[in-house]
Amino acid sequence: MATEVFDQLRAAADAVRPSSYRILPLDDWIEAVVKDWFVPTLRPIFRALQWPIAQVLDGLQSVLLAIPFAVVVIIAVLAAWRAAGRGIAIITFVSLFLLDWIGLWRETMITLAMIVTAVAFCIVVGIPLGIAAARSNRTAAVFRPILDVMQTIPSFVYLVPIVMLFGVGMVPAVIATIVFALPPLVRLTNLGIRQVQGELVEAGRAFGSTPRQILWEIQLPLALRTIMTGVNQTLMLALSMTVIGALIGAGGLGLVVYTGLGRLDVGYASIGGLGIVLLAIILDRITQAMGDGDNARRRKAGRTAGERTPDAVAGEAA
Amino acid sequence: MDGTRGDGHASAEVTSVPRRIEVRGLSKVFGADVAQALSLRRQGLSKSEIIERIGAVVAVDEVSFSVDAGEIFVVMGLSGSGKSTLVRCLNRLQEPTAGRIEIDGEDIVAATEERLRALRLEKITMVFQHFALLPHRTVAENVEYGLKMRGLAKAERRAKALKTLESVGLASWADRHPADLSGGMQQRVGLARALALDPEILLMDEPFSALDPLIRRDMQAELLELQRRYRTTIIFITHDLNEALTLGHQVAVMKDGRFAQVGRPADIVLNPADDYVAAFTRDIDRGRALPVRAAIRQPGSAGAGAVLPEGAVSIEGGQPLHEVFALASGPAPVVVVDAEGRVEGTISAADVTALLAGNPQQGRS
């Protein structure tokens, strides 16, 4: 008796559900629009976009794979030492040594080529966009929701249009990585430029600078640290895309993890993951130190001169 | 320091001193409804009433003044009085809403962007309250900034920067960064950056307000010295009336976007135009602000142009009043003379004391 009443109530309630009558074929519509119009119309444009990325990626990858292991290690360790000091140089050496020891050198170089390509294009696109956003509140207002969408859409979702437009392979994976990793660089470039003191920009104008000169002489140098933080963020996001990139045909360390997962091969998947972490540590430390480096050097120079140069001491006393 | 300035000065001596800056009815309104804000102001509403009513700020309100070549024109006012906006209109860092600005007969309001940049590099430079030095550049590179914008080669602008730094006593700090310098030294760099362009007009927006009192006094003396040497025309903004009276040939007291009074320092002190100005003058140091000649009771009593009386001591009339204390308290009569040594009048210790005490009877009208 009670269940009968309940069923009747439920039927009445379901009567107002639109899905009881018909399912809206939104998926068909999207497919129709994307397949019949979007993809064929825009494919030439997207193919053209693909070309420079393919050139850079191929070039970088063949160079990295051609250079002997020892040379790569020496260059990387020297770069780390110059930019970040002895500690980071040691970490770099140990990490690279380990990456080769576990048999993932080739994969590491492939991933490195992809990351560097993606970040390079992010810089080429992202910094000008950030500058544009910093110069006009209207531009910034247009960019903000777009960047929000780029950052919040799960990366799996836009793998689909990317595959449709660009196919599968390394280059589409790099493009997905660029889309995913771009927003922080645009945001932080914008922020960095806007944070430059108004009086300094005013001084630039008062001393006859054009807007372009103000940008190059005052705003960009002073925003550099914030922009480098953006580059660092972009790099980290790009690394986090390596496994997802493997879903659409990217090689490298991401593919190791993906293959290991597919085969339920815990060990193989784990060393792939370890490789990504080691690469992330090296790149993170070096780029962070590059961002701080300029200021740190200056502080150091100021301090030593203040302590040691006699004329400075005399000047201070006077 | 350069030929053009010397020539300009020479011709100035032949004819009467030319008007360098001529400002007529200058207004600047921030906000959407500019026309309405100005018309409300004309109907007698106060600045704050207009802000409340339509949200527009009348920062500068129909200000007119003129500045002669080689003169220091000081605009004194409290924060929010519109003085910083006013000075920024003169080199169009702020776009004037209405009015005329002429510099050496050239209409500044109508100047193109390109012409403005040229003016800022050739004629009108600026010194900022918080120095506005570039922290990533060395002291010399900061001083070179305007020269670089002019397109000078590296070696040439470095030489000029070092020379200018020398004139402000900072040559040995050329390759340090601004952060290594004290506030007073940083502002000297700011001054050197402006002077490196050999400007004819220097806009100074509260340049010494961020400095300690002792340093401020040194900088004031140094500025007067530099001004005497280069005959630069200076528009100087300050919120400190003592500073205004010490530096200014003319002083304008600004309130709510308008000039409450414009005049020579002695006029401001002795004949304040209204209660607002009078309230400021109550606190000032008369010994420094007033010239000796303000204490003369009987002008020309010893006979204008006459020779000095026997046993008298003389003092130049333009000296600050406190210079005469020691002389006036001595037994000999004190004779005030002008720059050429002609007698202007005599003063007594009582005259000086009365003037210092602020007795209005004593003031010259």
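1. A charge is counted as sitting over a ring if NZ of Lys or CZ of Arg is within 6 Å of the ring centre and within 35 degrees of the ring normal. In this predicted model, B:Lys255 lies over the face of B:Tyr276, at 4.8 Å from the ring centre. A further case in chain B is B:Lys28, whose charged end sits over the ring of B:Phe30, 4.9 Å from the centre of that ring.

2. Aromatic pairs come next. Over all chains, the structure holds 9 of them. One is formed by A:Phe69 and A:Trp105: the ring centres are 4.7 Å apart and the planes stand at 80°, which is over 60, so the pair is edge-to-face. This pair links distant parts of the chain, with A:Phe69 in helix H3 (residues 69–84) of chain A and A:Trp105 in helix H5 (residues 105–135) of chain A, 36 residues apart.

3. A:Trp105 has a relative accessibility of 11% and counts as buried, because the cut-off for buried is under 20%. A:Phe69, with a relative accessible area of 29%, is partly exposed.

4. In chain B, B:Phe65 and B:Phe259 form a tilted aromatic pair, 5.7 Å from centre to centre and with 45° between the planes. B:Phe65 belongs to strand S2 (residues 57–68) of chain B and B:Phe259 to strand S10 (residues 258–263) of chain B, so the pair ties together parts that are 194 residues apart in sequence. B:Phe65 counts as buried at 5% relative accessibility, and B:Phe259 is buried too, with a relative accessible area of 18%.

5. Chain A also has an aromatic cluster. The residues A:Phe93, A:Phe97 and A:Trp101 form one such cluster.

6. Helix H1 (residues 2–14) of chain A has 13 residues. From its first C-alpha to its last, H1(A) reaches 18 Å, close to the 18 Å expected at 1.5 Å a residue. How many of the 13 residues of H1(A) are buried? The count is 0, and the helix is hardly covered.

7. Helix H4 (residues 83–90) of chain B is mostly covered, with 7 of its 8 residues buried. The buried residues in H4(B) are B:Lys83, B:Thr85, B:Leu86, B:Val87, B:Arg88, B:Cys89 and B:Leu90. After H4(B) comes B:Arg92, which has a positive phi, near 55°.

Methods
Residues numbered from 1 in each chain as written. Chains lettered and ligands numbered in written order. Predicted model: local features only at pLDDT ≥ 70, side-chain atom pairs only at ≥ 80, totals over all residues. Heavy atoms only, no water. Helix = DSSP H or I, 4+ residues; strand = E, 2+ residues; numbered from the N terminus. Expected span 1.5 Å × (residues − 1). Buried < 20%, exposed > 50% of the residue type's maximum accessible area, 1.4 Å probe, protein only. Phe/Tyr/Trp six-rings, centres within 6.5 Å; stacked < 30°, edge-to-face > 60°.
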